[in-house]
Number of protein chains: 2
Amino acid sequence: MARVTSQRPPASVGQPTLDEVARVAGVSRATASRAINGGQRVSARAQSAVDTAVRTLGYVPNPAARSLVTRRTDSIAVVVPEPDDRVFSDPFFAGTLRGVTRVLGERDIQLVLLLARPGASTARTLRYLTNRHVDGALVVSHHRDDRLAEHLADIGLPCVFGGRPWTGGDRVAYVDVDNVAGEREATEALVARGCTRIGTIAGPADMTAAEDRLAGWRQAMSSAGLAADAVEHGDFTEASGEAAARALMERHPDLDGLVVASDLMAAGALRVLAELGRRVPDDIAVVGFDDLGVAERTSPALTTVRQPVDEMAERATRLLLERVDEPDSRPMRVIIPPTLVRRASA
Amino acid sequence: MARVTSQRPPASVGQPTLDEVARVAGVSRATASRAINGGQRVSARAQSAVDTAVRTLGYVPNPAARSLVTRRTDSIAVVVPEPDDRVFSDPFFAGTLRGVTRVLGERDIQLVLLLARPGASTARTLRYLTNRHVDGALVVSHHRDDRLAEHLADIGLPCVFGGRPWTGGDRVAYVDVDNVAGEREATEALVARGCTRIGTIAGPADMTAAEDRLAGWRQAMSSAGLAADAVEHGDFTEASGEAAARALMERHPDLDGLVVASDLMAAGALRVLAELGRRVPDDIAVVGFDDLGVAERTSPALTTVRQPVDEMAERATRLLLERVDEPDSRPMRVIIPPTLVRRASA
DNA sequence: CCGTTGCGTGGAAGCGCTCCCACGAACCGG
DNA sequence: CCGGTTCGTGGGAGCGCTTCCACGCAACGG
């Protein structure tokens with residue numbers, strides 16, 4: 001008489017295990033495993049037996065068990081430190097997500113969205129990343145105060161930043177558009193069309209992209225011998241663009257050119273300019289930054305600096321996957337040249 | 001002489017295991033585990049010894065190992081079948097994500113974003129969900145053809161739908177706004193203000209929300225004894241709203257009221273109406289649906305039906321977590337009443 | 001003819017964790 | 001003072017998988 005030794009429920013019913021596949025296929029568990037994972041060193045006979053068994057049983061490998069031994073999870077995190085509402089609705093974020101999923105889809109890797117809540121410390125995020133719940137991390141929209149780049153470098157998790165991080169930029173890989181060159185080019189375009197009083201609406205001072213664009217504007221202004229005194233900061237939202245434009249036009253009513261660090265802010269600025277009765281581009285020429293859809297829909301359509309977010313996200317993701325596969329490789333930087341897209345506003 | 005039997009690298013160096021914690025704390029692995037997980041049946045002495053050990057070693061439990069035995073992953077999926085670009089930039093999606101993360105943050109549960117690529121079959125998604133990589137699924141923005149609800153009910157994965165699914169609505173839980181009532185109320189508001197020729201821009205016919213809103217419009221029109229003949233369909237984007245408005249005004253130049261199934265489409269419609277020289281609301285009153293930010297920024301500001309997405313997402317997430325904890329509970333439906341927000345456009 | 005190679009295979013050892021169970025100690029009321 | 005309860009504890013099994021290793025076998029060159 002067989003001793004009944006089952007002490008727990010017999011594993012969630014209906015979920016076949018590798019053992020059962022092996023039994024049905026008439027091979028050992030080891031062979032079944034090999035057959036399922038690429039089929040190296042497996043005879044054609046065994047392979048097809050396993051394939052059949054997998055199909056008839058509806059077998060799906062248990063990812064936890066697999067991950068326990070392989071030490072890989074086949075998932076990466078997209079980290080958004082302190083996501084204000086802005087992040088979600090920002091076309092930049094949308095494009096990023098699109099680019100990332102496109103690449104991940106090719107390799108059956110999943111995306112874990114890690115959103116630190118506003119105000120919450122990054123401790124939770126770091127703890128999650130530390131315990132290797134994911135194979136790597138893609139960090140977007142980071143701010144000055146979170147020293148995420150350094151922390152991630154410390155724990156040795158493969159990671160790639162979207163946009164140059166404030167600190168630790170030499171220790172982590174990142175993909176960025178050449179913000180300085182982009183905004184310089186934008187400014188030069190205004191100079192070339194004859195503007196002499198050019199102001200700028202910059203982004204939040206705690207983001208490198210914003211600072212770099214501001215630097216680009218300054219460079220171009222200085223090269224042209226123009227005074228770089230008309231600066232106002234926004235936070236990349238449309239509303240902040242309106243406010244900044246209003247303040248700027250009040251302080252410098254003589255502006256004939258406006259370099260704005262994002263299209264969304266530029267859209268806000270255009271609205272204010274229309275309100276004030278300034279014709280664009282005749283009275284004042286405006287150039288934006290991003291070209292992620294908004295620029296085409298403003299009136300007048302916005303001349304802007306295009307950053308190819310989708311492509312950048314793709315590059316970043318591929319870079320990350322490479323680093324996951326090859327953790328000891330040197331952190332790489334990819335700097336993508338932006339292009340000026342001429343429309344009606346300048 | 002000790003036999004050297006290490007056959008593999010000694011576990012990824014630096015990652016302490018529960019064994020080491022137990023050793024340092026001077027207790028057994030079982031006790032250490034108990035202390036770490038809530039501390040039931042653990043003496044104060046043991047508890048603090050373990051706590052200290054955890055801290056000094058920087059121990060973080062290996063989620064794969066834990067998940068292997070508990071059969072839980074402490075993560076849920078947010079499933080977006082066929083995400084066109086629209087989904088990402090849609091404030092609806094943004095709000096949903098915000099609501100979901102808020103709830104998940106309370107319980108240290110992670111969010112896996114499952115985006116079926118456009119055109120790709122849902123097979124991959126289903127496979128992923130089948131193998132219990134996540135504890136549950138929240139499905140948003142599903143379309144008619146993916147029989148996701150039924151599939152998920154079949155595999156028995158706890159899931160909650162955002163919006164009533166086309167089929168299988170009786171087998172899965174969902175949270176929805178009362179679209180019929182909402183659009184009926186919107187239409188009635190136009191009737192009340194004296195409109196007699198009321199058209200509608202409906203959403204895509206393969207989404208229940210769109211169909212329900214259309215039904216609400218029809219109901220109100222019929223109750224008021226008005227002809228429900230001016231219907232045009234869009235896909236919830238601003239561009240489609242423009243096109244639909246154009247078509248509608250061409251076919252029915254006498255319209256004095258317009259019920260639009262989303263604010264984004266309404267924004268497009270407003271633009272077209274301005275272009276055609278129709279004054280809103282004097283010549284034609286317009287009412288939208290959503291109230292997720294866009295409505296406040298159109299000109300004139302949009303009277304609209306507010307659906308509290310954040311709250312809905314929260315409710316849906318809580319519902320999902322309940323079902324994860326209590327898989328045998330009956331699938332619940334939460335129908336949230338929308339409210340009409342009166343602004344300038346009607 | 002026999003070592004050598006290479007290939008396909010299965011046995012078995014874990015991966016790091018949870019949790020069942022048995023065990024001893026402390027505590028209780030009778 | 002003793003049987004019964006409660007409590008804290010550790011041993012150990014096992015979750016489902018990958019992978020090391022040893023083994024048998026056919027093919028092959030000397």
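Select DNA strand C first. In this predicted model, 29 residues surround DNA strand C. The closest are A:Thr31, A:Ser43, A:Arg71, B:Leu18 and B:Tyr59.

Now show side chains at the phosphates. On chain A, a polar side-chain atom of A:Thr31 lies 2.7 Å from a phosphate oxygen of DNA strand C. Switch to B:Tyr59: here the distance from a side-chain N or O atom to a phosphate oxygen is 2.4 Å.

Color the surface near DNA strand C by element. α2 (29-36) and α4 (63-70) of chain A, with α2 and α4 (63-70) of chain B, each supply at least two residues. The largest share, 5 residues, comes from α4(B). By class, the surface divides into 14 nonpolar, 8 polar and 7 charged residues.

Next, select residues 18-25 and 29-36 of chain B, helices α1 and α2. Their axes are 8 Å apart and cross at about 100°, which makes α1(B) roughly perpendicular to α2(B). B:Leu18, B:Asp19 and B:Ala22 of α1(B) meet B:Arg29, B:Ala32, B:Ser33 and B:Ile36 of α2(B). This contact has 4 nonpolar, 1 polar and 2 charged residues.

Finally, go to the strands of chain B. β9 (residues 285-290) and β10 (residues 303-306) run parallel, joined by 4 bridges. Look for B:Val287 opposite B:Thr303 in β10(B). β10(B) also pairs with β12 (residues 339-341), antiparallel, over 3 bridges. There, B:Arg306 stands opposite B:Thr339 in β12(B).

Methods
Residues are numbered from 1 along each chain as its sequence is written. Chains are lettered from A and ligands numbered from 1 in the order in which they are written. This is a predicted model: local features need pLDDT of at least 70, side-chain atom pairs count only at pLDDT 80 or more; totals for chains, interfaces and linings use all residues. Side-chain values use heavy atoms; hydrogens and water are left out. Axes are lines fitted to C-alpha atoms, for helices over the stretch in contact, and angles run from 0 to 180 degrees between N-to-C directions. Angles under 35 degrees count as roughly parallel, over 145 as roughly antiparallel, 65 to 115 as roughly perpendicular and the rest as oblique. Contact means heavy atoms within 4.5 Å. Ala, Val, Leu, Ile, Met, Phe, Trp, Tyr, Cys and Pro count as nonpolar, Asp, Glu, Lys and Arg as charged, and the others, Gly among them, as polar. Two strands pair if DSSP finds at least two bridges between them. A residue is near a molecule or strand if one of its heavy atoms lies within 4 Å of it. A polar contact is a pair of N or O atoms within 3.5 Å; within protein, one must be able to donate a hydrogen and the other to accept it, and residues adjacent in sequence count only if both atoms are side-chain atoms.
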